[in-house]
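User: Please examine the following model and answer a series of questions on its architecture.

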Amino acid sequence: MSQLAIISESTVRKIVTRQLAFDAVRSAFEAVADDRAQVFDVVIGTGLNNGEAFAIKSGIDRENEMVGFKCGTYWAGNDDKDLPAHGSTILLLDPETGFPKVLVNASYLNGYRTAAANAVAVSCLARSDATVLGVIGAGHQAEEFRAKSIEENKGKFVLVCEGSIPVKDGGVYCKIAGKPVLDILKETAPKAAAVIAIGSCATWGGVPSAGPNPTGATPVYKILEGTGIPVINIPGCPPNGYNFLSTVLYYVTFNKLPDLDEKLRPKFAYGRLIHENCERRPHFDAGRFAEQFGDEGHLKGYCLYKLGCKGPETFNNCSTLRFNDVGTWPVNTGHPCFGCSEEGVGFTAPLHSPARPLYITPPTQFTSATPEKGKGASALAAAVAGAAAGAGAVAVGMNLGKKDNEES
Ligand code: SF4
Ligand code: F3S
């Protein structure tokens, strides 16, 4: 029987180099692809306690006459003993007898193996002109990468939050990697340059916050209130990707946040009512309305106000920016805007109930018809109010142009 050779971790550290690992992994991949080598099904087992598990990965290399397996372990409790949670042991067998031939303490080696596998993938798959590289692991590795990149980029990154934050019962209703997102947000936000809450849920609560709000779904800005951390809201269900991208680019270009309104929304995107630039607006002003889905007015593209369009009380740029680079948005498909981005409107007001026209101003394409303060309303403004009242709308006050005056 051949003698069992034991290779300690310190020996491995002396022998292994990045290039050696890269070349070995690359030839192993090639050998498996050519059928010169083979890997077998993974066997998974557990330890005596929760959080203790191991996986056995075995294979043969016909060309080099090698047979063996690696046992990878994860013992969660090792953290408390100041030991790494992950361990690896390799056992090579004598191909003639099946008896053990080489035993390797391979925890250090395994790290090189994983890194080399990533490097081989990058070298084979990445474009030659690529200048940025992102290598993201899974499971515990992903959490490690996340923590490390946050620490290394402290104050230099924008934290993007999607989804409302459940706060009831310690935040147990939404966890990532076993940790409440409430805790993750509180830990991460102070290290970010700014926080962007994207979508109606993250910005004002959205669907999960609808009564009775069983999980205590809370918008991101409320969690961070009083901390001095800058928060930008990009509401919408869905939010427009260009509004998000423009906000990020603005920050990256000018190193400051864009002007925000009182609800922390960028004014360039949410400064105007949808109604102000809607292509059906001339029909609204002229009192031409769809009364029912499929009726003549609907087929002719008349205003959808009487079908419950919330454009007159929703601040967003859907009517000008539109979605998906194909020029579409809810109203031009024939359905009223339901105010998905506006707190107190979307998911709150009944879908087809009439909107409350808060600020009716002339479309931005027109020369300003806004009266100076104290000089009364213009003829056009009065006509707009008249049309709204003619539509059976709630009475529109003579505060026309209020929003214009508020804009910077
Ligand atoms: Fe457009 Fe709706 Fe306003 Fe009518 S009520 S003009 S459909 S935004
Ligand atoms: Fe939402 Fe109304 Fe725009 S439903 S997507 S805010 S048109």
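User: How do strands β12 and β14 pair, and over how many bridges?

Analyst: This is a predicted model, in which local features need pLDDT of at least 70, side-chain atom pairs count only at pLDDT 80 or more, and totals for chains, interfaces and linings use all residues. Residues are numbered from 1 along each chain as its sequence is written, and chains are lettered from A and ligands numbered from 1 in the order in which they are written. Helices (H or I, at least four residues) and strands (E, at least two) are DSSP runs numbered from the N terminus, and two strands pair if DSSP finds at least two bridges between them. Strand β12 (residues 194-198) and β14 pair in the parallel sense, over 4 bridges.

User: Which residue of β14 is the bridge partner of Ile 196, and which residues of β14 point the other way from Val 231 and Asn 233?

Analyst: The bridge partner of Ile 196 in β14 is Ile 232. In a regular strand the side chains alternate between the two faces of the sheet. All the residues of β14 (residues 231-234) are buried, a term that requires 20 or more other C-beta atoms within 10 Å of the residue's own, with exposed meaning 12 or fewer, partly exposed in between, and C-beta atoms placed from the backbone. Val 231 and Asn 233 point one way, and pointing the other way are Ile 232 and Ile 234.

User: How many residues has the largest nonpolar core, and how many has the other core, the one with Ile 232?

Analyst: A nonpolar core is a set of buried Ala, Val, Leu, Ile, Met, Phe, Trp, Tyr and Cys residues joined through C-beta atoms within 7 Å. In the largest, the residues with the most contacts inside it are Cys 303, Leu 304, Tyr 305, Cys 309, Val 331 and Cys 337, and its total is 22 residues. Apart from it lies another core, with Ala 192, Cys 201, Tyr 221 and Ile 232 among its members, of 20 residues.

User: Which residues come nearest to ligand 1, and which to ligand 2?

Analyst: A residue is near a molecule if its C-beta atom, placed from the backbone, lies within 6 Å of it. Of the 14 residues around ligand 1, the nearest are His 275, Cys 278, Cys 303, Cys 309 and Gly 311. Of the 13 around ligand 2, the nearest are Asn 316, Cys 318, Pro 330, Cys 337 and Cys 340.

User: How many charged residues does the shell of each ligand hold?

Analyst: Ala, Val, Leu, Ile, Met, Phe, Trp, Tyr, Cys and Pro count as nonpolar, Asp, Glu, Lys and Arg as charged, and the others, Gly among them, as polar. The shell around ligand 2 has 8 nonpolar, 5 polar and no charged residues. Around ligand 1 there are 10 nonpolar and 2 polar residues, and the charged residues number 2.

User: Is Met 66 buried or partly exposed?

Analyst: Met 66 belongs to strand β5 (residues 66-75). Its C-alpha atom is separated by 7.7 Å from that of Asp 94, 28 residues apart along the chain. Because Met 66 has 15 C-beta neighbours inside 10 Å, its class is partly exposed.

User: Is Asp 325, with its positive phi, buried or exposed?

Analyst: Phi of Asp 325 is near 60 degrees, a positive value in a residue other than glycine. Asp 325 lies in the loop between α12 (318-321) and α13 (379-390). Because Asp 325 has 8 C-beta neighbours inside 10 Å, it counts as exposed.
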